[in-house]
Amino acid sequence: MKESLFPAKVLLFGEYGIIENASGLSIPHNFYQGTLKFHSNFSFKKEFLHSNSQLEKYYKFLLFLEQKKKNLAKIDLKNLYEDIQKGIFFHSNIPQGYGIGSSGALVAAVYDKYAKNKLCLIKKRNIITLKKIFSQMESFFHGKSSGIDPLICYLNIPILIRSEKDISSIGIPEKNNFQGKGKGGGAIFLIDSGFPRKTSSMIEFFFVKLKHDSFKKMLKEEFMKYNEKCIEAFLKGDFKILLKNVKSLSTWVFHHFRPMIPKNFWKIWEEGLFTNLHYLKLCGSGGGGFILAFTPNYEISREKLKQYATEVLFRF
């Protein structure tokens, strides 16, 4: 079987805001990838058993949609079931519960191999249709899904989200040549909090807050404004303006989304804001997994955070 690799994704900007039609910017992250393959190597045994059983549960979910005539994706369920019995599994190095699309990559892989009428042309109409399909397919894993994660993993291109129906592919600054100045001192990087998180509980917390008009007003008037300015500065490669607005965004999140920040990062988060050494933000829903960091001096930040594993996404 020819292996198609599906990357992880990083939502640089837009966490939670995209639920309320704020802008978002998501990029593929090819350091982590996954692929469907058949079990043939004993060293994969533990991974195979878990993944194969998960695929069987997923098959039953897709079959239920088919029987209710609610399925948006026309999946060849007969072929999928036969392959599950033959020992297919999702071989992946994408950490689960880390906010970088482990379930999104799996959904993309299943769609790519088993969809009867695959959509793959990068047209706005197709992107919106795919998002709807993937939203339904990924709901098995999270209860509710925007469909953005599988979309990024499937298309393997940066996506700019302006609203639910305004989504397009976009060019972004080169990862190792941000603002055309090569590798400077600054960086955007991931920090491993050391433990996974549960997306559903974080989303529930957000929706409870959203019931309060005062919070909804702040989200629209403050969070969305900082978020928009961050995206604009990033796309222009203007890191000075980017850092200024990321600081505002990081401060807002620290005050209003504190339960979504792992407790062992509260002090680090606050110190970063006070010293301007680095600014932290949620990577996806928060609660654990990866945390995004923006710094004008990566070497100093890395030394300060040496107890945690870090991984550079962009240098500037």
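## Strand E2 and its partners

E2 and strand E4 (residues 159-163) are paired in the antiparallel sense through three bridges, where pairing requires at least two DSSP bridges between two strands. Leu 25 has Leu 160 in E4 as its bridge partner. This is a predicted model, in which local features need pLDDT of at least 70 and side-chain atom pairs count only at pLDDT 80 or more, while totals for chains, interfaces and linings use all residues. Residues are numbered from 1 along each chain as its sequence is written, and side-chain values use heavy atoms, leaving out hydrogens and water.

E2 also pairs with strand E3 (residues 88-92), antiparallel over five bridges, with Phe 38 opposite Ile 88 in E3. Strand E1 (residues 6-13) runs antiparallel to E2 and is joined to it by seven bridges; here Val 10 stands opposite Ile 27 in E2.

## How enclosed is E2?

E2 spans residues 24-38, and eleven of its 15 residues are buried, so the strand is largely enclosed by the rest of the structure. Buried means under 20% relative accessible area, with a 1.4 Å probe and protein chains only.

## Helices H1 and H2

Now for the helices. The axes of H1 (residues 45-67) and H2 (residues 77-86) come within 10 Å and cross at roughly 160 degrees. The two helices are therefore roughly antiparallel to each other, a term for angles over 145 degrees.

Asn 52, Leu 55, Glu 56, Tyr 59, Leu 62, Leu 63 and Glu 66 in H1 meet Leu 77, Leu 80, Tyr 81, Ile 84 and Gln 85 in H2, contact being heavy atoms within 4.5 Å.

Key: Axes fitted to C-alpha atoms, helices over the stretch in contact; angles between N-to-C directions. Helix = DSSP H or I, 4+ residues; strand = E, 2+ residues; numbered from the N terminus. Parallel < 35°, antiparallel > 145°, perpendicular 65-115°, else oblique. Buried < 20%, exposed > 50% of the residue type's maximum accessible area, 1.4 Å probe, protein only.
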